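Let's walk through a model together, feature by feature. Bring your questions and we'll take each one from the general idea to the case at hand.

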Amino acid sequence: MRLSFLIGLVIFFASPSIAAVFAAETTTVHIETRDQLLILSANEQGRVYYSYYGPKQDAPEKLPLLGEAYPCAGGDFVREPALRAVHADGNTSTLLVYQSQETKKIDDNITETKIHLKDAYYPFFVTLVYKAYFQENLIAASTEIRHEENAPVTIDHYASQVLPFKADSYYMTQFHGSWANEANMVEEKLTPGIKILDSKRGVRAHEMRSPFFLFSPNHAAEENQGMVYGCTLAWSGSFQFAFEVDEKNTLCVTMGANPFASQLTLEAGKTLATPEMLTVCSAAGTGPMSRDYHAWGRKYGVRDGSNVRGILLNNWEATYFNFDHDKLVKLFQGAKDAGFELFLLDDGWFANKYPRNNDKAGLGDWEHNRQKLPRGVAGLCEEAKRIGIPFGIWVEPEMVNPKSELYENHPDWVIGQPHRPLDLFRNQLILDLTNPVVKDFSYHVTADLLTQNPYIGFIKWDANRYVSNGGSFYLPPEKQTELVWRYHEALYDNMAKTAEAFPDVRMMLCSGGAGRIDYKALSYFHEFWPSDNTNPMKRIYIQWGFSHFFPAMTQAAHVTSSGDSGIKFAFDVAMSCRLGMDMDLERMSRDDFEFTKMAISEYKRIRDVVQLGGLYRLISPYESPRSSLMYVNDDKSRAILFVYQMKDDTRENKSVALQGLDPNGVYSVREINTKAPILKDSVSIRGEALMQGNMSIPLDKKATSMVLELTREK
Ligand code: DGJ
C-alpha cells in the first residue's frame, strides 16, 4: 500500500459526453497483487471512492472518482446501496467519511488493508477490509460494521463489496441452473437499469444459480485474451449481485448477502463482519483467471489442497436405498479388487421406527437400521478393515423428515412459521440451527458417528432442501429476520468444529448436487459434489462451468450408468476431475470391470497433473461439437489432454491447439485409457508445434473421446 497526496480538484472530460471527477488533495490507498491493482481515493469531503481496479500496467496517472466505495442509503445516494441502516434515533441515512487506514503484512504473501470510515455525525463505523493474496492474484474484500450508539441499530443492506466501472459496454456471464442442471454459462450485455442475480432460498441457496459471475468491459469474455473479472461470494446463504448501469453508463456492481428479508439488529460494540467477496482480474482472459483461482483454492480455499484426492466407490447410484450388510461387503471387496481407495456408503443406512428406505421417512433418526445392518456401522467398519478398503459415510445433519422420531419428539426444532401448513420439499424440513440445543444435536450427528467408528475416514455432508416458511420457533419476534444469518453462523461453527475435531477425515460438500458450493463452506471441506446429473455429456458442461472458479481436485466426478456413451467416455470425462464411481461392480460386465481397473490405475498415475496442475480450457462445449481441456504440471514436463466428441462431426480439420507447454521441449505423446488406441504408437512433437495446433485428433463420432499423456523428453 502507498499513500499519496494529489493536488487540486479537477473536472476532466474523458470523452465529449462524459465528465469524470478526479481525486483531489486527498488520500489514496493502493492494494496490489502480482498483476492487479485496486486504488481507492478520498475526495475533499473525505468520502471514499474507487479510482481504479484492473491490471497494474493500465492504471491511470490521474485518478478518477469512479463511484463511492461503500454507498449508503438515505442520503444523497439514490441507487442500490451497499448499506442501509436505521440509527438508534430513527435517522435512516448514513454518511461515511474517511478516518484512517492500516496495513498489516500477514505473511510474505498476504497483506491486509483496512480503511476505517465513520458516519459524519453518529458513532457508527464501517471498515473496508481487503486481503490481497499476492502470488495467487486474488483480493478478498469484506466489510466490518459496528457502532457505539445508545440503542441498537437495524441494518438491512450490508454488502460485502461494491465495484464501480466506467466503460462503453459491459458483459456479464452468470452460472445458472437447477437440480441436476448446474452451472450453465450464459453471457449477456448489460443494459441501462438494474439486473439482479440472487437467491432467496436461505439454505441450499445456490440451487438456481451459483454465487459467482464473470464480468468484462467492452467485449464478451474470452478464454485467452481481454480483460475479465471473476467474482465469487464466500457464503452459503441467500446472496445478491446487483448490476446497475446508470444514465451516465457507469456500472456499479453490489455484491453480498441478499438484503431480502434479512434485517439484522446490531447492538452497540458488536461487529458485523460480512462474507468475503473473492475477485481476480485478468488482462488475458478467463484462462489465467481460473488458474489464479485454482492456485488460491488449493493453497487457501479448501482443506489439504496440496495433496491429491483418493478414488472412491459410492453406492448411491448403484443401489439407492436398496442394500444390506452383505451387499455392501460384496461391494467393498469389488472396490478393493478394482483398485478404489475408499468405499462411501450413501443415504439409507439409518432409522428403525420409520426406516430410511426412501426419502419419505427416517431423516433425523441416526441410529443404524437394524434390519439392513444387523452389525451396525461398526460391523461395516470391521468388514471394510478386514478387506482393506477405507470407509466413508453419508450424513444430512441439518434436516429431518416429519415422519421420524426426532420430529415426533421435537416438532419445534424445525424452520417453519406458526399458523401455516408445513411446506415440505423432498419430504423434509430444515432443523433450526439458531437454537443452540438443535445446533448441538446437529453437530453430534456427525461427531458421534466419527467418535464411535474411528475407522470412518470420509464424510459426505448433504443438505437437500431450501428455506420456505422461513421462521424460527426459537428466535424472539424481533429477531425473526435474522434467521438465515444466524443459521449460517451456527452451521459454520459446526463445520469448523467437525473439521478441527476430525482433521484426518476427508469431507465432501453436497447439497442435492451443487446447492451449496462456495469458498466459505469449502474451507471446511476437501471437495464437492457438482451435480446429481452424472450423464457424462451433461457433466462436460457442468464441470466446465465450475472449473472457472474451483480446481479439479475439488470436483467429485463419478462414472455411473447414466447416459449411453459407454464406459470409456464416462471415465474420460470423470478423469478430468476427482475420479470416482457410483456403479454396482457385481453387475458390471467383465469387460467393463477390466476397463474400470485399467482406468483407475491410469488415473493414479496422472492424477497429480490433473489435480495439482494448471488447467487450460481449449475448446468450449458451448461453441463446438467437441470439447477439450488439458492440465500441465508446474515445470511443464507433463501434461494430460482430454478431447470429447459431443456430436457427430465430419469436418476435415481436427486439430487441437494445446497450451501451457514448454515451446522448446520435445514431448512424447501417448494415448492412454483405452483398450483400442487410435494413436497406435507414441509420437514425439515439439511443444511449439503442439501449441500451434499441429496435432490432429481424429474423432468424428458422437460420444468418442481421447486422453493423451504428454511427457517432455528433453
Ligand atoms: C442428494 C445427493 O446429491 C446424492 O448424491 C445422494 O447423496 C442423495 N442426496 C441421497 O439422498
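Q: How many disulfides does the count come to?

A: A disulfide is a covalent bond between the sulfur atoms of two cysteines. To call one here, a pair of cysteine sulfur atoms has to be within 2.5 Å. By this rule the count is zero. Take Cys72, which is in no disulfide: the nearest cysteine sulfur belongs to Cys252 and is 12 Å away. Cys577 is in no disulfide either, with the nearest cysteine sulfur, that of Cys510, 16 Å away.

Q: Before we go on, what kind of model is this, and how are residues numbered?

A: It's a predicted model, where local features need pLDDT of at least 70 and side-chain atom pairs count only at pLDDT 80 or more, while totals for chains, interfaces and linings use all residues. Residues are numbered from 1 along each chain as its sequence is written, and side-chain values use heavy atoms, with hydrogens and water left out.

Q: What does pLDDT average over the protein?

A: Think of pLDDT as the predictor's confidence in each residue, from 0 to 100. The average for this protein is 95, and 96% of the residues score at least 70. Now look at residues 1–20, where pLDDT stays under 50. The model has 42 contacts (heavy atoms within 4.5 Å) beyond four places in sequence for that stretch. Where pLDDT is low, the predicted coordinates should not be read in detail.

Q: Back to those cysteines: is Cys577 buried or exposed?

A: The cut-offs go by relative accessible area: buried is under 20%, exposed is over 50%, and partly exposed is in between (1.4 Å probe, protein chains only). Cys577 is at 2%, so it counts as buried. Cys72 counts as buried because its relative accessibility is 6%.

Q: How many salt bridges does the structure hold?

A: The rule is a side-chain nitrogen of Lys or Arg within 4 Å of a carboxyl oxygen of Asp or Glu. The structure holds 45 of them. One pairs Lys195 with Glu188, at 3.1 Å from N to O. Lys195 is partly exposed at 28% relative accessibility, and Glu188 is partly exposed at 22%.

Q: Which parts of the chain does the pair of Asp584 and Lys327 link?

A: In this salt bridge, the closest N and O atoms of Asp584 and Lys327 are 2.8 Å apart. The pair links distant parts of the chain, 257 residues apart: Asp584 is in the loop between strand 33 (578–581) and helix 11 (590–612), while Lys327 is in helix 3 (residues 325–338). Helices (H or I, at least four residues) and strands (E, at least two) are DSSP runs, numbered from the N terminus. Asp584 is buried at 9%, and Lys327 is buried at 18%.

Q: And where do Arg386 and Glu383 sit relative to each other?

A: They're three residues apart in helix 4 (residues 376–387), so about one helical turn separates them. Arg386 is exposed at 57%, whereas Glu383 is buried at 12%. Elsewhere, salt bridges that share partners join Lys327, Asp584, Glu586 and Arg587 into one network.

Q: How many cavities of 30 Å³ or more are there?

A: Rolling a probe the size of a water molecule over the atoms shows where empty space is left. On a 1 Å grid over the protein atoms alone, a cavity is a set of points where a 1.4 Å probe fits but cannot get out, and a pocket is an open set with protein on both sides within 12 Å along at least five of seven lines; lining residues have an atom within 4 Å of a point. Grid points are joined across faces, edges and corners, and a volume is the space filled by probe spheres set on the points. The count comes to seven cavities of that size. The largest cavity holds about 130 Å³ of space. Its lining has 17 residues, with Gln543, Trp544, Ser547, Leu629 and Tyr631 nearest its centre. Helix 9 gives the largest share of that lining, three residues.

Q: What lines the second largest pocket?

A: This pocket has about 490 Å³ of space. It's lined by 23 residues, and Ala234, Thr274, Pro275, Glu276 and Lys520 lie nearest its centre. Helix 7 gives the most to the lining, with four residues.
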